[in-house]
Amino acid sequence: MRRWIFIAIVAAIVALFFADRVNRQQVNRMLVNAAGGKPPMNDVTFVFPLIPHPTPSPTPVPVYPGSIAYEKNVTLRYEDLGSGYWQTHAFNMVDGEQTPPGDDWEGQFRFKFNPPDDPMHPGHSVVAIAGARSKMAFANLGLKNFYSVQSLAGVHWLVPSAGETPAVWNLAPGDVVAMRIETDLTAPIKPAASGSATGSAGLGPTIKVQKLTYAKLFIRMLSQDKVQFDYVFRVDGSPVFPRPHGG
């Protein structure tokens with residue numbers, strides 16, 4: 001009789017153990033690990049149902065898919081160039097930060113402020129980086145709902161005059177700026193051994209990158225001291241921008 005009571009208790013505990021949602025998830029993870037050639041218990045942790053344990057937080061849904069880089073409330077400070085001209089450091093949308101001094105070529109754009117009587121780019125503007133690895137084109141889409149701009153396929157891109165840095169100027173808070181980025185980069189691949197024959201001759205292998213990508217900026221704030229903006233950068237070359245999750 002005691003034997004059957006013991007068996008019943010063990011069976012109840014087992015049933016209760018695997019009735020717990022967390023434990024069922026762990027069993028599924030064990031199967032996934034085994035199918036992938038990993039140790040079955042890798043990152044697997046069971047819990048005892050009769051002991052209180054926190055419910056795992058649900059995995060948040062990404063704001064955008066992995067093919068889109070984005071940041072909100074980016075702030076860049078102006079530096080005085082003299083004679084009423086100001087500019088920020090170059091900004092790199094891939095890294096989501098301004099470039100270090102001397103590495104401006106790694107950025108895609110910067111903000112400038114020119115005097116209102118400047119003959120080419122009066123007021124606040126977004127300009128390309130001289131000598132950058134990417135060729136930029138811009139378009140000021142004006143005061144629009146940022147997330148309603150879901151395609152840049154039909155945008156009329158600004159064609160700059162000879163010797164002029166492509167730019168959109170006379171910007172105001174609330175403006176949406178479209179960006180077209182052509183990257184045509186040939187760079188040497190660092191040899192594995194610095195003393196190798198190819199490395200010393202300077203004729204080592206190179207990597208060539210040719211890519212067309214699109215981005216859009218939302219101008220939040222403009223002042224003589226700083227600028228603040230959001231951006232969405234489509235790194236896979238598509239001109240289509242879906243609305244963000246929850247937006």
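Predicted model: local features only at pLDDT ≥ 70, side-chain atom pairs only at ≥ 80, totals over all residues.
1. Residues are numbered from 1 along each chain as its sequence is written, and side-chain values use heavy atoms, with hydrogens and water left out.

2. On confidence overall, the protein averages a pLDDT of 80, and 66% of the residues score at least 70. Helix 3 (residues 197-201) has the lowest confidence, with a mean of 45, while strand 12 has the highest, at 96.

3. Of the 247 residues, 33% count as buried, where buried means under 20% relative accessible area, exposed over 50%, and partly exposed in between (1.4 Å probe, protein chains only). Among contacts between residues at least 6 apart in sequence, 63% join residues at least 24 apart. The accessible surface is about 14,900 Å², and carbon and sulfur atoms account for 59% of that; the areas come from the Shrake-Rupley method with a 1.4 Å probe, and for residues only the protein chains shown count as cover.

4. Strand 2 meets strand 3 (residues 85-87) over three antiparallel bridges, and glycine 82 has tyrosine 85 of strand 3 as its bridge partner.

5. Asparagine 114 sits in strand 6 and counts as buried because its relative accessible area is 5%. Its side chain reaches the backbone oxygen of histidine 121 at 3.0 Å. Leaving out residues up to four places away in sequence, asparagine 114 touches Gly84, Tyr85, His121, Pro122 and Gly123.

6. The largest nonpolar core has 26 residues; such a core is a set of buried Ala, Val, Leu, Ile, Met, Phe, Trp, Tyr and Cys residues joined through side-chain atoms within 4.5 Å. Strands 1, 6, 8, 10, 11 and 12 each supply at least two residues of this core. Apart from this core lies another, of 15 residues, including Tyr64 and Ile68. Met179 is one of the residues with the most contacts inside the largest core, and beyond four places in sequence its contacts include Met93, Phe109, Phe138, Trp157 and Leu217.

7. Lastly, threonine 75 belongs to strand 1 (residues 68-77). Is threonine 75 buried or partly exposed? It counts as partly exposed, because its relative accessibility is 34%. Its side chain makes a polar contact with the side chain of glutamine 228 at 3.2 Å; the term covers N or O atoms within 3.5 Å, where within protein one must be able to donate a hydrogen and the other to accept it, and residues adjacent in sequence count only if both atoms are side-chain atoms. Lys226 and Val227 are also among the residues that threonine 75 touches.

Notes
Pairing = 2+ DSSP bridges. Helix = DSSP H or I, 4+ residues; strand = E, 2+ residues; numbered from the N terminus. Contact = heavy atoms within 4.5 Å. pLDDT = per-residue confidence, 0-100.
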